[in-house]
Each structure stands twice: as C-alpha cells, then as structure tokens.
Amino acid sequence: MNVTYEDVRKSEEIRTYIKQADESLKAIGYTEHSFAHCTKVAKVAGDLLEKLGYDAHEVELARIAGFMHDMGNAINRHRHAEYGALLAEQILSRT
C-alpha cells in the first residue's frame with residue numbers, strides 16, 4: 001500500500017511531532033510553524049511540481065515532504081532537516 005498525503009496529514013504521530021516542533025520554535029522566538037505552515041508548504045510544493053509537469057506520484061511525494069519538512073524541530077532547531085528525515089523514515093517505513 002502506498003502512503004498518501006492524506007494519510008500523512010491525518011497521522012496522529014506526525015501531527016504530534018509538528019505540534020511539538022511549533023511549540024519548541026515558539027519558545028525560542030520563531031514565528032508560527034504549525035499545521036497552517038506545513039499545509040501551505042505541502043500545497044505550494046505539490047502545485048509547483050504539477051505546473052512543471054511532474055507525474056501524480058511525484059506531486060504526492062512533494063506534498064508529503066512539504067507537510068513533514070519541519071518535524072525535526074521537535075528534537076532540535078540545529079540540523080532539524082536531518083532529524084526530520086530520520087523521523088520520517090521511521091514513521092513512513094511502518095506505514
């Protein structure tokens with residue numbers, strides 16, 4: 001079974017990491033990085049690939065990556081991309 005953007009968007013585990021990441025960033029003075037931000041990034045990423053002629057699967061992957069892109073901030077702002085990639089790999093491999 002393929003993981004979809006809707007699966008990722010509704011995942012309580014992913015939503016928990018995003019919520020914690022937003023709270024951690026607020027604590028150190030960053031602007032909003034919660035669901036509105038993740039949803040906008042997912043939409044823009046998917047729309048951009050769609051306009052560039054990528055297939056539906058690539059567009060879906062861009063939306064998934066866009067939604068999950070800041071999860072690593074739940075662990076640490078420094079190198080959050082790497083932490084997020086590790087979290088995403090663990091979560092998505094189980095799905």
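The model is a predicted one, in which local features need pLDDT of at least 70 and side-chain atom pairs count only at pLDDT 80 or more, while totals for chains, interfaces and linings use all residues. Residues are numbered from 1 along each chain as its sequence is written, and side-chain values use heavy atoms, with hydrogens and water left out.

**Stop 1: the aromatic pair**

Select tyrosine 5 and phenylalanine 67, whose rings form an edge-to-face pair with 6.0 Å from centre to centre and 80° between the planes. Rings of Phe, Tyr and Trp (its six-membered ring) are paired if their centres lie within 6.5 Å, and planes under 30 degrees apart count as stacked, over 60 as edge-to-face and the rest as tilted. Because tyrosine 5 lies in helix α1 (residues 5–10) and phenylalanine 67 in helix α4 (residues 56–68), the pair ties together parts that are 62 residues apart in sequence. Helices here are DSSP runs (H or I, at least four residues), numbered from the N terminus. Tyrosine 5 is buried at 13% relative accessibility, and phenylalanine 67 is buried at 0%; buried means under 20% relative accessible area, exposed over 50%, and partly exposed in between (1.4 Å probe, protein chains only).

**Stop 2: salt bridges within helices**

Stay in helix α1 and select glutamate 6 and arginine 9, which lie three residues apart, about one turn of the helix. They form a salt bridge with the closest N and O atoms 2.8 Å apart, the term standing for a side-chain nitrogen of Lys or Arg within 4 Å of a carboxyl oxygen of Asp or Glu.

Next, move to helix α2 (residues 12–27), where aspartate 22 and lysine 26 lie four residues apart and meet in a salt bridge of 3.4 Å, N to O. Aspartate 22 is buried, with a relative accessible area of 6%, whereas lysine 26 is exposed, at 51%.

**Stop 3: arginine 79**

Now select arginine 79, in the loop between α4 and α5 (80–94), which has a positive phi of about 65° although it is not a glycine. The side chain of arginine 79 also meets that of glutamate 82 in a salt bridge (3.8 Å, N to O), and glutamate 82 is partly exposed at 39% relative accessibility.

Conventions
Helix = DSSP H or I, 4+ residues; strand = E, 2+ residues; numbered from the N terminus.
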